[in-house]
Amino acid sequence: MRKSFLFLAVFFISILAWSQNLPENYRRAQVQLNSGSYWEAMNSFKEYVSVEKYGNLANYAAFHGAQAALGANQPNQAIDFLEPLTSRNWDKGEEAKYLLATAYFQNSQALQGLKEVSQLQDEEIKRKSQNLIYEFLIKQSPDFLIRNLREFQELSGYTAALSSVLNSKSVLSSEERALYYELQGIGELSGSSKIKDEVLDIVVILPFTDGRSGEISPSSFTYELFEGIRFGVNQLKREGKRVNLISFDSKRDLNHLQNILKEPAVKRADVIVGPIYLEESDLVSAFAENAKIPFIHPLSNLGERFQDKQYSYLFRPSAENIVDGIVQNLKSQRWGKRVAIGYSISSRDEKMNAFLKEKLTKEGFRIVDSQPLNPRNAASFLADLGVRPGRDSANLKVDQVIMLSDDPAIAQSTLSLIESVTTSLPILVMDSWLGFNFANFEMLEDQNFYFISNNSPALDKEAMIAFKTDFYNKNLVFPSMNAVLGKELIFWLSSNLSPSFGFDLRRSLNQQQFQQGNITWGFNFLNSNSNNYVPVFGFEYGELKPLTNQ
């Protein structure tokens, strides 16, 4: 039990902490790269490319510097970053070669690009490189492709490009015609020549800056969310899926946001993720309904304004979804009918308190107390219910307590009291409490805390462990909880937005009542614009387990 719980605690502590060893200017360069400030990122990474001075960090700096250079349409500088890197013994050497090939192609050095692809050893990257070859070579002349066919005929992307180029010509020479018919007889070509044109276009609109300072903080929740989204998209690309990610900074400026919505990329999107704040999300929701493009709010639980919408969704459960999950679980446990509710003054928690009182009363429960909480009164709230030193359960005024808050100060005050008394009173709290580094639930004499899901991570899943490791290897920091949500959001979208359903999100969601998550516990969007799957977790032999099957 102790080992499993310690893993849980270490995980949450690690994902909430930024690495202290990463230079601040390097982190800023990463932010610039991910937010599309390619010129600034390119110049910032140059400071760290010395292996003698920065060791392995120099390899990452060169790789990311090349990405920035390509984004800035400076392939010659990308080549300068990458050429020394490909000769080093580095664990991402194959990825560097692939990026160097991309730079050569963009710099009109097609032969050098083809030679780099020919040297690739990793099978997954080799397969991905065939689409890269095809996209660049279909712009080449037939003479070039025919002249170099013998050297690169083993590359399926090359032969597919040659076939397409010849097919597009209205008049073929005798040599070209003979070669064209010969290519049609190559077994692998028929599949390769039909390059998939069904691309999942994802547009992300987030308030990265406030429009005044122009500074993006690496620790901001919007940037952390975008990190997870970007990671998820890159993973899809590695798996061979056609996906395109474009991001915009809303700057918390409605006039600026209206201009963003006029962008051709937004109008062509298959899905729009974000923005976050009320006025912005309402504007994008109205646009999405008119354009018939799914709009996903990635973090909010306030979804009542989307209930009558066809194309607007919450990725997380609505306040009412969460309340339904709580009520269902309380009914299944039969702890008793007396309930006390404490809640923070946030809009979500106030709404949930009102919903809970109404729905619990209808189910025959009695609300003993209901009051707003703050760090000063959280302990006294419980003490007034009979949770005091020297008291036993017979003197309690309630059978269960529900505390609706994500405030760590309220959690800390509550835990300080519970650690000083002996009580088995069931206390239901939001799953965010699991992430507070001062919370050691295993040390409590009674395992009486229960955690209300809000797209909860499944910490023991192999996929979660792999994500945490891969994220660290790429970014030199562990993923935050917002990054976890961003990664899972992309998994959910890619699972439900596919060519087979014509990128029709609603149709796909209605095909299944429950969908297993990748790094969370799962989803249920059947006939709903928000996640209906809201289990309540308790500890069982040191592991989180749902109390009931929903």
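A residue counts as buried when its relative accessible area is under 20%, as exposed when it is over 50%, and as partly exposed in between (1.4 Å probe, protein chains only). Keep that in hand for the tour of this predicted model, where local features need pLDDT of at least 70, side-chain atom pairs count only at pLDDT 80 or more, and totals for chains, interfaces and linings use all residues. Residues are numbered from 1 along each chain as its sequence is written, and side-chain values use heavy atoms, with hydrogens and water left out.

**Stop one: Tyr158**

Select Tyr158 in helix 12, residues 156-168 (helices are DSSP runs of H or I, at least four residues, numbered from the N terminus). Tyr158 is buried because its relative accessibility is 0%. Now show its contacts (heavy atoms within 4.5 Å): beyond four places in sequence, they include Leu114, Gln130, Leu137, Phe144 and Phe152. Next, look at Leu145, whose backbone oxygen is 2.6 Å from the side chain of Tyr158.

**Stop two: helices 2 and 15**

Select residues 24-34 (helix 2) and 221-238 (helix 15), which pack at about 65° with axes 11 Å apart. The axes are lines fitted to C-alpha atoms over the stretch in contact, with angles from 0 to 180 degrees between N-to-C directions. The two helices are therefore roughly perpendicular (a term for 65 to 115 degrees). Show side chains to find Gln30, Val31 and Asn34 of helix 2 meeting Tyr223, Phe226, Glu227 and Arg230 of helix 15.

Methods
Polar contact = N/O pair within 3.5 Å; in protein donor to acceptor, adjacent residues only side chain to side chain. Parallel < 35°, antiparallel > 145°, perpendicular 65-115°, else oblique.
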